[in-house]
Amino acid sequence: MTSFDAMFYVIGAITLLSAGVMVFSKNIIYNAIGLLFAFFGVAGIYVMLGADFLAATQLLIYVGGILVLLLFGVMLSQRITGLEMRTDTLHMLPAAAVCTGVAAILLWMIWKTPWPKAEIGPPEPTTRNIGTLFMTDYLIPFEIVSVLLLAALVGAAFIGRREAR
């Protein structure tokens with residue numbers, strides 16, 4: 001086992017542990033912190049696999065945007081309403097049965113699939129190539145998606161500002 005493999009397993013274990021904290025904790029703040037570390041772990045795995053653009057996107061969008069927005073929403077709504085923000089895990093037995101079944105099917109498929117083996121060189125940075133493609137060949141779809149996201153942002157702000165009845 002190389003140091004790369006060991007680091008990959010450590011980051012994978014931290015990601016799984018964080019995801020477990022996120023799923024099984026009953027305090028929503030602990031859920032958010034578990035989600036934060038799971039996002040960081042996934043970004044670390046992306047970096048190790050040479051997908052630097054995905055890692056940067058993961059950090060900017062999920063950690064920097066969605067998770068911070070979620071934390072602010074939880075903190076602000078708790079102060080306004082004074083509600084205790086706790087979650088209860090319900091239907092644990094059926095969920096465990098379904099998860100076990102899905103995991104068994106996935107493991108069976110992984111075991112039965114003939115995986116091709118190819119020699120792969122060291123990972124190379126992809127951000128420059130993706131950025132070039134966004135600004136040349138895929139400029140129109142990129143701009144359309146940007147306008148759609150802006151419309152969604154304006155809609156979310158409008159819904160958020162609407163007074164409760």
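Q: Why is T15 called buried?

A: In this predicted model, T15 has a relative accessible area of 10%, and because buried means under 20% relative accessible area, exposed over 50% and partly exposed in between (1.4 Å probe, protein chains only), T15 counts as buried. T15 is found in helix α1, where helices are DSSP runs of H or I with at least four residues, numbered from the N terminus. Leaving out residues up to four places away in sequence, T15 touches A38, G41, V42 and I45, a contact being heavy atoms within 4.5 Å.

Q: What makes L36 partly exposed?

A: The relative accessibility of L36 is 22%, so L36 counts as partly exposed. L36 lies in helix α2 and, apart from neighbours within four places in sequence, is in contact with V63 and L67. The C-alpha atoms of L36 and V68, which are 32 residues apart along the chain, are separated by 9.2 Å.

Q: Which residues of α1 and α2 meet, and what is their make-up by class?

A: On the α1 side the meeting residues are F4, M7, F8, I11, G12, T15, S18, A19, V21 and M22, and on the α2 side they are Y30, N31, G34, L35, F37, A38, G41, V42, G44, I45 and M48. By class, this contact has 14 nonpolar, seven polar and no charged residues; Ala, Val, Leu, Ile, Met, Phe, Trp, Tyr, Cys and Pro count as nonpolar, Asp, Glu, Lys and Arg as charged, and the others, Gly among them, as polar.

Q: What makes up the largest nonpolar core?

A: A nonpolar core is a set of buried Ala, Val, Leu, Ile, Met, Phe, Trp, Tyr and Cys residues joined through side-chain atoms within 4.5 Å, and the largest one consists of five residues, A32, L35, F39, V63 and L67. Helices α2 and α3 (52-81) each supply at least two residues of this core, and the largest share, three residues, comes from α2. L67 touches A32, L35, L36 and Y62, not counting residues up to four places away in sequence.

Q: How many helices and strands does the protein have, and on what basis are the values given?

A: The protein has six helices and zero strands, strands being E runs of at least two residues, and 15% of its 165 residues count as buried. Local features of this predicted model need pLDDT of at least 70 and side-chain atom pairs count only at pLDDT 80 or more, whereas totals for chains, interfaces and linings use all residues. Residues are numbered from 1 along each chain as its sequence is written, and side-chain values use heavy atoms, with hydrogens and water left out.
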